[in-house]
Amino acid sequence: MEQLERLERDTARATEAAFYLAQNAAVTRFLLDEAKAPVVGAVAVALDHPSDGPFLVVTREGAALECLRRGARPRMPVVTRAQLETVAVKHDALKPEVLRWGPGPADAERGATGFRPLFRTLLDGGEAVAAETLRSLAPFLPLVFEKLPALWYACDDTLRDFVKRSGERLIAERAQLDARGEEQVRRTWRLHWAVGHLQALFAQADDDTLRQAAGGVIQGAAPIRATRLGFWPVALRGLSLCGRLGASLLTGLEHGLKAPPDTVHEALTSAHGLGFVGAAHPKYRHEVVLRLGDTFEGADPRSAWLARERLLVAEALTELETDTGLAEKQVVAQLEELASRGVEVPRPATDEGPEERTLVRLANLPVSLHGRVGHVLIRHGLGAFARTPIEDLYPSAAELAARPPVDPLSAGFRLLEVAVEHLGRLKRG
């Protein structure tokens, strides 16, 4: 956890300044005037290093235009952070605000907004993260983009070993757990959702940035880490990122298909990742179907199980419904058919307020990726989920407000049950 907290702190440091200045145009204009910035159309504020940045580009009137990553070379005049802080020191009213560059922990508890409290919701919010949160954070992506994979690695690595080591014990001792054990279950819930949320934020970057990152920062097929516990809504966020990245992940995903039986989870998640690439990018679809269909069933039962899973995805691509609306209706019809045969299909209830959009509800069902409901979601919903932007699979703030509150402890145990069953299935095939 120390690594995770350090990464989160470093990620937010420079971005607090950008967030504060972007939300306070009048203050920004005053600081630029007092710092005697050139009277031009736009200036770049160096948020950390005076020449390497990162930078917030603002108009001379103080309105935010864009963020530039560390190492960028702005074409407009640069005003350094030190210059603005020097100005702030001379003005008692601004000194505490500007030198802090946004709300601290105490302010966050009072409801103040700043980058760090907003970003922290991705790590602590569990299922209760709204689409508006992603959209609010997206303009500042250039400042934090390269650190996001390290953050989701830290969340995932912390969680993976814990679930393997303690998952079955926590489920067995559920009725006798002390406060510390219960908090571990809640933390498991929050961390696994954080992996998906961080990947969803990562996916908001523009195409050029994603292409550059895919070959270097991500390395291979890291988005499929979100699928390792078999929990559908978090897995969907990782698989959707695979679809967004497209061809840049084909080599890494194909390599994952060849994993030996004792690491069959890598091959399984690679197969689903390839399915999302094929569904999101028509020009790769035939190639992906051929790769998935090229299976070899060895003596190990896990190989036979993997072959069936791969063929399931290949069939979904072959019969893919490319109209998102029709694909949504198709998956709903299939789930209703399951329910008519007595299979439990969770339908989150809503209180008074707007009815939650069907695709959003389906994207956030707390079910196993490889149960009967999960099979329907992949087999018949691939065309809808892979072709919908990840942020559109998030509930709105209004939809979240209409939901009954979720008990993190009960939800955490449900996640552990899915994860333990999923990991056991991978062992036995």
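## Helices α13 and α14

Helices α13 and α14 cross in a left-handed manner; a crossing is left-handed if the near helix is turned anticlockwise from the far one by less than a right angle, and right-handed if clockwise. On the α13 side the contact is made by Leu250, Leu253, Gly256 and Leu257, and on the α14 side by Glu266, Ala267, Ser270, Ala271, Gly273, Leu274 and Val277 (contact means heavy atoms within 4.5 Å). Seven nonpolar, three polar and one charged residues make up this contact. In these classes Ala, Val, Leu, Ile, Met, Phe, Trp, Tyr, Cys and Pro count as nonpolar, Asp, Glu, Lys and Arg as charged, and the others, Gly among them, as polar.

The axes of α13 (residues 250-257) and α14 (residues 264-280) come within 7 Å and cross at roughly 145°. Axes are lines fitted to C-alpha atoms, for helices over the stretch in contact, and angles run from 0 to 180 degrees between N-to-C directions.

## Model and overall makeup

This is a predicted model, in which local features need pLDDT of at least 70 and side-chain atom pairs count only at pLDDT 80 or more, while totals for chains, interfaces and linings use all residues. Residues are numbered from 1 along each chain as its sequence is written, and side-chain values use heavy atoms, with hydrogens and water left out.

The protein has 21 helices and four strands; helices (H or I, at least four residues) and strands (E, at least two) are DSSP runs, numbered from the N terminus. Of its 429 residues, 53% count as buried (under 20% relative accessible area, with exposed over 50% and partly exposed in between; 1.4 Å probe, protein chains only). Among contacts in the protein with a separation of 6 or more, 74% come from residues 24 or more positions apart.

## The sheet

The four strands of an open sheet are ordered β3-β2-β1-β4, with mixed pairing; two strands pair if DSSP finds at least two bridges between them. β3 (64-68) and β4 (78-80) are at the edges with a single partner strand each, so one side of each has no neighbour in the sheet. From one strand to the next the twist averages 25°. Helix α3 (residues 81-89) packs on the sheet and touches β1 and β4, its direction making about 55° with that of β4.

Strands β1 (residues 42-49) and β2 (residues 53-59) run antiparallel and are joined by six bridges. They form a hairpin with three residues between them. His49 has Gly53 of β2 as its bridge partner, and Val43 stands opposite Val58 in β2. β2 also runs antiparallel to β3, with four bridges between them; here Val58 is partnered by Ala64 of β3. The hairpin of β2 and β3 has four residues between the strands, and in it Gly62 takes a positive phi near 100°. Seven of the seven residues of β2 are buried, so this strand is largely enclosed by the rest of the structure.

## Helices α16 and α19

Helix α16 (residues 301-318) packs against helix α19 (residues 372-385) at an angle of about 30°, with the axes 7 Å apart. The two are therefore roughly parallel; angles under 35 degrees count as roughly parallel, over 145 as roughly antiparallel, 65 to 115 as roughly perpendicular and the rest as oblique.

From α16, Glu309, Leu312, Val313, Glu315, Ala316 and Leu317 make the contact, and from α19, His375, Ile378, Arg379 and Leu382. By class, six of these residues are nonpolar, one is polar and three are charged.
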